[in-house]
Amino acid sequence: MKNYRFGGLACIVLGAFGCGAAERPGDPEAMDGVRQALHDTTAVFAYVDMMSYELKFYEPSLDMEASVDLRTLPGYGSGVPLHAYITEGGHKVYVGFNGDASSPTGLAVIRVNDIFWHEHAADVELVKKLILDDPAHPHEFPAVTQVDARQPFQPWTAQPFTQLHGPAELFSKHRLFWTVLTDDRVVTVNTSNDTLLPTQEFGDASRALHGISFNAAETRGLGAGYFYDRGYLPVFSVQADGTLASDGEIWLGTPKSHAAFVHNVEWQTNRYAFVGTMQFARTSLTPSSTEILGPSVWYVDTKVRIAKRIIKPTTDVNGAGIFRSASWVEVVGDKLFVGEEDSLDDSFGDDGYVSVFDVKDPWRPRFIKRLKPGVELPADFAVGHALAPTPDGKSVILESYPSGYVLRIGTESLLVEHVIHHDTMHSMPHGGSIVGIEEGHDSAALRTSAFGLDE
């Protein structure tokens, strides 16, 4: 779901934009033709407000936001936006939009010329649309029914038409990957010319994925199986030509006893990754001899192909485990943040939490605290859906699409330090990514040196 991820290390990208006053700046090009960094933008978090069709930008050091109604961009059309992936030092955004009965599914490539924080506005233009599917292209999810009271079927998990999810970039290959949650296709964009390359399909390995996340060395990826009974992580190897090859699987347990339903993969090093799981119990898809282990966090060794459950479920809101579904895991420094969402039981969106663990020893995490509605979080907060760290490692940004919140949480204070609340009934903030901005640094060098060479 996000652009650069370094577990608390700074992410810095050549080129920037911004505006420190209401007056718009002049030509952002320097005399030598190199784009200059405008002084007051350090990072940009881009996300969409699904139901209002807005592309939103948030500057965490300024705590300022800007918005663009996508429907005002000539040629955008009526596709409901779902994810925003920001790149090129904040100057390009790819917006994935949903198909429905009358609209196709695809990507909007948007150029960001400038953002005027004090005016809450942005100068953007639609460069092109990349259409993936015709309207009403049906999903390929299997039928699911309830067999255990602890795990009902939630209709939101099986959207009727094509949906693109989980953008992730291979910077050295100039490739941006999206997965089609509703079937088994992996979509690839050539970021040099913004064209669609041939899709790849890997059968069950790429079915129902919420993205493929790549390690910093860009040698391998892990898929997030975002559906019932997806109890293993498919492994992909990166080929010299930028395509992917299926390279086995890593079970979250064993085929007979495992956790399932993964939203994201958080690489800690080139070898190790964290994942959280959401499913509570068996469904009609679960073989009768198989046990579902429940919401938990796993530490994955991709070299020896094992995963160990390091945080177990808990039924106590103050317990040292996972209380709701572990929707999103994020590492900042020595802390693991877990977005917990109430979305898979029999009553959607009653509450939501953020759990924090010390992972100095990742095989033996230590529970620090759980941020709760009405205590650290707003009283009406529900569904801790996704997290993104700021490049300076001082904050994490938390999205909640059902309750309309985007929150900035201090990684040291563990308190909410800024609140954005889209409180209209048609607002659903979702699908964000963040890019750090600082002039004169080589982000490629940082990406290859930020992790140990523990292949």
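**Figure 1. In the hairpin of strand 4 and strand 5, Glu 88 takes a positive phi near 50°.** Four residues lie between the two strands of this hairpin. The model is predicted, so local features need pLDDT of at least 70 and side-chain atom pairs count only at pLDDT 80 or more, whereas totals for chains, interfaces and linings use all residues. Residues are numbered from 1 along each chain as its sequence is written, and side-chain values use heavy atoms, with hydrogens and water left out. Strand 4 and strand 5 (residues 92-98) run antiparallel and are joined by seven bridges; strands are DSSP runs (E, at least two residues) numbered from the N terminus, and two of them pair if DSSP finds at least two bridges between them. Within this pairing, Ala 84 stands opposite Val 95 of strand 5, and Ile 86 stands opposite Val 93 of strand 5.

Figure 2. A hairpin of six residues connects strand 5 to strand 6. Val 95 stands opposite Ala 108 in strand 6, and this valine also stands opposite Ala 84.

**Figure 3. Strand 5 is mostly covered, with seven of its seven residues buried.** Buried denotes under 20% relative accessible area (exposed, over 50%; partly exposed, in between; 1.4 Å probe, protein chains only). Both faces of strand 5 are covered. One side carries Lys 92, Tyr 94, Gly 96 and Asn 98.

**Figure 4. Strand 9 (residues 175-180) is mostly covered, with six of its six residues buried.** Arg 175, Phe 177 and Thr 179 point one way from strand 9, whereas Leu 176, Trp 178 and Val 180 point the other way. Strand 8 and strand 9 run antiparallel and are joined by five bridges. These two strands form a hairpin with four residues between them, and His 174 in the turn has a positive phi of about 55°. Strand 9 also pairs in the antiparallel sense with strand 10 (residues 185-190), over five bridges, and a hairpin of four residues joins strand 9 to strand 10. Arg 175 takes part in both pairings: Leu 170 has Arg 175 of strand 9 as its bridge partner, and the bridge partner of Arg 175 in strand 10 is Asn 190.

**Figure 5. Phe 141 and Phe 227 belong to one aromatic cluster, together with Phe 153, Trp 156, Tyr 226, Tyr 228 and Phe 261.** The structure holds 19 aromatic pairs; rings of Phe, Tyr and Trp (its six-membered ring) pair if their centres lie within 6.5 Å, planes under 30 degrees apart count as stacked, over 60 as edge-to-face and the rest as tilted. The ring centres of Phe 141 and Phe 227 are 4.5 Å apart and their planes stand at 15°, so this pair is stacked. Phe 141 lies in the loop between strand 7 and strand 8 (164-170), and Phe 227 in the loop between strand 13 (220-225) and strand 14 (232-238), so the pair ties together parts that are 86 residues apart in sequence. Both Phe 141 and Phe 227 are buried.
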